[in-house]
Each structure stands twice: as structure tokens, then as C-alpha cells.
Amino acid sequence: MPKGMWKGRFSQDTAESVVNFSQSLDLDWRMAFADIRGSIAHVRMLRKVELLSEEEAKTIEDNLLVIADEIREGRFVPKISLEDVHMNIEARLTELCGATGARLHMGRSRNDQVNTTVRLYLRKEILELWEGLRELISVLLEKADEQADRVVPGYTHLQQAQPISMGQFWMAHARAFLRDADRLFAAYDAVDECTLGSAALAGSTLPLDREFTAEDLGFSKVSDNSMDSVSHRDHFLDLLHFAAVFGQHASRLSEDLIIYFTTEFGWVKLPDAYCTGSSIMPQKKNPDVLELIRGKAGLLAGAYTQLMTLMKGVPSTYNRDLQEDKRPLFEAIEIMKGIFSVLPPLLKEIEVDEGAAKRGFSDGLILATDVAEYLVVKGVPFRQAHAKVGKTVAYCVEKGCALTELTLEEWKQLIPEAEEDLLPLLTPETAVSRRLTLGGTAPLRVKEQINNAAEELDDYVQLGGELFENLPEF
């Protein structure tokens, strides 16, 4: 460890085992460019408040850009002995410009430096995640529009419940992911705060201009309390909360498709390119990608729990425990990027066998609710209508016939209120088209849902573009 970093008070060199145990390069080297950009803003601010001369500031900024080129070209190999990305860059800067480089760190601590670096890094990562989420939602809207008129069974308790438009199915998942978009941008807002200038915990006696630094880095606001600034990781938790809920939504979609792909259901057809085979059973076509998404959703939930647990016992301001805060965060980001790389293209190629879906509800029992509501319109109290239709279903099950095979005479014997106008209602297509309540499964309503969701998506796209334009280059 070079003298002058933090070793002045110590009489012994750090044990090699401690160096290896405490280093964080495996985590933070990916943030090198963000750290350099944060340092450039800090230098510009120091020049503005006249703590650096114009020549000193230019020397430091120019050499920081040299270091960025060295990293970009693979010529800068960081040293574990220097603990982290921040100390490696500062040490290299001092090598390049001597005592002038050593002036960079005045007015800041690694506490606020690291905090700002991660925020800079996360803003770009969040907007990259948004691009993946945007593509996923777009594909779902396309599938919903394409299949709004296709009728498939809808389930509760994994039992056939009522017929639905396949477009309604896709829109159900699109709506969930749109809520995730709201959570993702809320996480961005939590990250979009400049903590540089908070120093170790109490601010600084130097005349730092924190508003200038925030503006130079494109942050929308400056943190309000220096102790809180270096203490909390709420912005990490906000992003991991998004990740955990997104994972749950992706898992539910995957599970639905896995079930509908089984031989027993068989009305969803998955593309070969996103399935695998068996090493022993030649006939197998396994939905491994969807199963992996379902599994990785557990890792996303675990990342959230991991950081919550880490933060639970940490006292105020900075403690070294917080070095581990980025491990679940970065892992979650990589998992989500992986999901976005496979899920949208998989969904694009999914086909629906409407014939197989209809064969699945050939007994007509899925139309029982329609009969009950028909009776309600005729003036029968719903509970009585429910009981009458339930007895009719029992009759069909005992007789081994479909509900739709009953003759008008049988209907009248079972339910005296039934009339000839009941029979045309007893098709899945009619059942779907008649569900015209707002948000319902009728194709007309599904088209409305698609249009509404498309408008929301456009608003998010515009917001994402504006936020991206506000990011500094690095």
C-alpha cells in the first residue's frame, strides 16, 4: 500500500491475508469509468472554488483521461494491494503527475466517493435494464394484438374456469411488467442523487460547491444530510425490490407457459431454439429456458433478502460491511440482463394451437358461469342460479355428456327458466366476446388494453430517453 493513502498512522504493513480478504476489485473494477468521471467533476469543482489552480486542474483531468484510455485498451492492470478501483486509479494518477495528483482527494472521502461512483454506474445500468424491459413489454403487446381473437381456457386453482382471449393472457403479463417499469424508474429516481461532498460523514471545512458537482454529473438533486448520505443503501434496496418483483412476474409467466406446453395441456408451442432435449430420452423437448428463468427468480428474491439482512445490524455512517452491498446488487443486474436476452425472443416465436385448446374444454363445463349469469338476467337470484347450474353440471358428469350437448328439453327439465335463447350463448367464442366489462376478455376490450398499455409504454420510453440524454459521457 503506497504511503500517503491511509497508512500514516500504522507501523505495520497490512497482512497479505487481510489484503486478499478485504479487496473489492472483483466487484468494483467494472465501475472504473464511473469513478474517473466522478473524479473529473470533483476536480472541476475544486478549480471553481480555487482549491486547485487552472493548471493543476487541467493536469489532473488530462491524466484521468489518460488512465481511462489505458483501462479501455487493457493496459492498466489493477493491483489487489491497492484494495479497490478507487485507490488503484488514484495511485496511477499520482504516478503520472506526482504531487499534483495527490491533491485530487482533498474534500472527499472514499465514503462519498464510492457512493457517488456507484450511483453514476447504476444510472446507466438501470437504463440498460429498462431497454430490456421495454422490449419484453413490446413483445407482449404484439402477441396480445396478434392473438386477441384466439380462445383458450382460463384457469383458477389450475382448474378450467372460463374461456378467455389469448390476448387477455398476454396483456395480464404485460400489465404486471408495466408496474415493474414504474418500480424501475422509481429506483432510478432514488439513485439520481449526488452524495459527493458529504466526505466521511460530516461534510468538509473546505468551501466545496456540491451543487456544481451534481450539475456536472447530471444528477437531479443533492443529498440533504451527510451522515445519511454515506449510511443508507435504500437506493440499492429499491433496485433489488424491483428485481425481486420482476423476477416473480417473469417466473409466473414462465410457469404458465411450462404448464400449457405439457402434453396434457399441449396448446402452447415453444420454439425449438429455446428448448433442449434429453440425454437419454429421444422424444423429449424440455422448456429449460423457462425453467431457468423460474429458478433465477429465486436468486433475485435472495439478493433482496441478502442486502436487507446485511443492512439490518449496521450502525450509522460507513462501516466496512457495506463493501459487500454491491455483491447481490451486481449479481441481480447480471441475472436480469440474462433474462432479457432470452425471454423476449422466445415469446416472439411462441405459437398457440387453438384447436388443441378447444379440445381441452370440449365438455363445455367451462361455460357454466355463462349459464348462471343468463339466469340472473332472467331474474333468478345468483345463489339460486349457481345451485341450479351446479346440479346441471353434476347431471352432465354423471351422464358423461357435454354441457353443450344438452337439448332444450333437457335444459327445461333441469332449469325451468332456460329458454331457446340460451343455446346460441353456449360457445367459448360467444362467451369471450360477451365479456365486455372494462378490462374484460372480449377482444374489443383487449384491444383497448393494448392501446392503453402502448400509451403508457410510450411515456416510459420518452422518460427513459430524457434520462439517458442527461447522463454525462464517460
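## Terms and basis

A residue is called buried under 20% relative accessible area, exposed over 50%, and partly exposed in between, with a 1.4 Å probe and protein chains only. This is a predicted model, in which local features need pLDDT of at least 70 and side-chain atom pairs count only at pLDDT 80 or more, while totals for chains, interfaces and linings use all residues. Residues are numbered from 1 along each chain as its sequence is written, and side-chain values use heavy atoms, with hydrogens and water left out.

## Salt bridges within and between helices

The structure has 39 salt bridges, each being a side-chain nitrogen of Lys or Arg within 4 Å of a carboxyl oxygen of Asp or Glu. One of them joins the side chains of Asp-26 and Arg-327, with 3.3 Å from N to O. This pair connects distant parts of the chain, since Asp-26 belongs to helix H2 (residues 25-28) and Arg-327 to helix H12 (residues 326-348), 301 residues apart; helices here are DSSP runs of H or I with at least four residues, numbered from the N terminus. Both partners are partly exposed, Asp-26 with a relative accessible area of 44% and Arg-327 with 33%.

A salt bridge of another kind of placement joins Arg-92 and Glu-95, whose side chains meet at 2.9 Å, N to O. Arg-92 and Glu-95 are separated by about one helical turn because they stand three residues apart in helix H5 (residues 85-101). Arg-92 is partly exposed at 22% relative accessibility, whereas Glu-95 counts as exposed at 54%.

## A helix tied to a loop, and a network

What do the side chains of Asp-189 and Lys-221 form? They meet in a salt bridge, with 3.5 Å from N to O. Asp-189 lies in helix H7 (residues 166-191) and Lys-221 in the loop between H8 and H9, so this pair ties together parts that are 32 residues apart in sequence. Asp-189 is partly exposed, with a relative accessible area of 46%, and Lys-221 is also in the partly exposed class, at 29%.

Salt bridges can also join into a group, and here Arg-37, Arg-44, Glu-61 and Asp-216 are linked in a network of them.

## Negative charge on the surface

Four residues, Asp-224, Asp-228, Asp-234 and Asp-238, gather in a patch of negative charge on the surface. Such a patch takes residues with over 30% relative accessible area and no salt bridge, and joins like charges within 9 Å, the place of an Asp charge being taken as CG. Among these residues, Asp-224 sits in the loop between helix H8 (210-216) and helix H9 (226-231), and it counts as exposed because its relative accessibility is 79%.

Tyr-304 has its place in helix H11 and is partly exposed, with a relative accessible area of 24%. Helix H11 (residues 288-312) also holds Met-308, which is partly exposed at 40% relative accessibility. The C-alpha atoms of Met-308 and Leu-184, which are 124 residues apart along the chain, are separated by 18 Å.

## Cysteines without a disulfide

How many disulfides does a search of the whole structure find? The search finds zero, where a disulfide would be a pair of cysteine sulfur atoms within 2.5 Å. For Cys-396, the closest cysteine sulfur is that of Cys-401, at 4.1 Å, which is too far for a bond. Cys-396 is buried, with a relative accessible area of 1%, and Cys-97 likewise counts as buried, at 13%.

## Positive phi in two loops

Glu-83 has a positive phi of about 75° although it is not a glycine. Glu-83 lies in the loop between helix H4 (54-72) and H5, and it is buried, with a relative accessible area of 9%. Ala-199, which is not a glycine either, has a positive phi of about 60°. Ala-199 is found in the loop between H7 and H8, where it counts as buried at 8% relative accessibility.

Note on methods: Patch = residues over 30% accessible without salt bridge, like charges linked within 9 Å, V, L, I, M, F, W, Y side chains within 5 Å. Areas by Shrake-Rupley, 256 points an atom, 1.4 Å probe, with all protein chains shown as cover. Lys, Arg positive; Asp, Glu negative; His and termini not counted.
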